[in-house]
Amino acid sequence: MKGSTEGRWLAALLLAVLASGAAAEDYAAGEAAWQRGEHAAALAQWLPLAEAGQARAQFAVGLAHERGQGVARDAATAARWYRRAAAQGLADAEYNLALLYLDGRGVEQDLEETVRLFRAAAERGHLPAQVNLAYSYEQGSGVEKDLPVAAAWYARAAMAGNREAWRRFTDLREAGVRPAVLPALPATAPEAPANGCEDGETGCSNDRQPRETSDHLVQ
């Protein structure tokens, strides 16, 4: 009986590994089609994966609906897919969903939810989210105005190479604002490139003003 149970467990594990590999290949095929401008073909690859719960594919389907590429532009559908990916902790999805709440596109405008999502993505090391969270604190948008906290988030993004954050941090510092002390990011937060982004890199955030969308696919 024990051997039979172990055999079934190993068989299930093997099937899961094979399924995972196939899903990765399907996502990559969709990504290649997207890069060729074949957006409808990309969606055909991604939609089954998204419906099966793959966060990267859910984000990609949401992005296609938000941009109207390969499908009719539909911010409400984009929000639904971003929300599913965000529920799995995907920072790009949290960030793009925050922008939809900020503008009231496809969802009812909710500035407090915007800040909550910016914070969630920022704490995962998402640079545009860090800049936008800082901007929210600087302006008092969706959260009580707090310049020291704004300066602290600008400083964190600036240290990761974001030039817009550095400019805004410098402005606050010259105005006499001392940054607050923020808790350390989780050890699992992705590391940002120390020297910033390369010029022209798709999805790069260094030269972006607050509110820009994450328009790159998740690797």
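Guide: In this predicted model, the axes of helix H3 (residues 55-67) and helix H5 (residues 91-103) come within 10 Å and cross at roughly 30° (axes are fitted to C-alpha atoms over the stretch in contact, with angles from 0 to 180 degrees between N-to-C directions; helices are DSSP runs of H or I, at least four residues). H3 and H5 are therefore roughly parallel (under 35 degrees). On the H3 side, Phe-59, Leu-63 and Glu-66 make the contact; Asp-92, Ala-93, Asn-96 and Leu-100 do so from H5 (heavy atoms within 4.5 Å).

Residues are numbered from 1 along each chain. Local features need pLDDT of at least 70 and side-chain atom pairs 80 or more, while totals for chains, interfaces and linings use all residues; side-chain values use heavy atoms, without hydrogens or water.

The structure holds 9 salt bridges (Lys or Arg side-chain nitrogen within 4 Å of an Asp or Glu carboxyl oxygen). A network of them links Glu-138, Glu-164, Arg-167, Arg-168 and Asp-171. Arg-168 pairs with Glu-138, with the closest N and O atoms 3.8 Å apart. Arg-168 lies in helix H9 (residues 163-174) and Glu-138 in helix H7 (residues 127-139), so this pair ties together parts 30 residues apart in sequence. Both Arg-168 and Glu-138 are buried (under 20% relative accessible area, exposed being over 50% and partly exposed in between, 1.4 Å probe, protein chains only).

Within H9, Arg-167 lies 3 residues from Glu-164 and 4 from Asp-171. The N to O distance is 3.0 Å for Glu-164 with Arg-167 and 3.5 Å for Asp-171 with Arg-167. Glu-164 is buried at 5% relative accessibility, whereas Arg-167 is partly exposed at 39% and Asp-171 partly exposed at 42%.

Notes
Helices (H or I, at least four residues) and strands (E, at least two) are DSSP runs, numbered from the N terminus. Angles under 35 degrees count as roughly parallel, over 145 as roughly antiparallel, 65 to 115 as roughly perpendicular and the rest as oblique.
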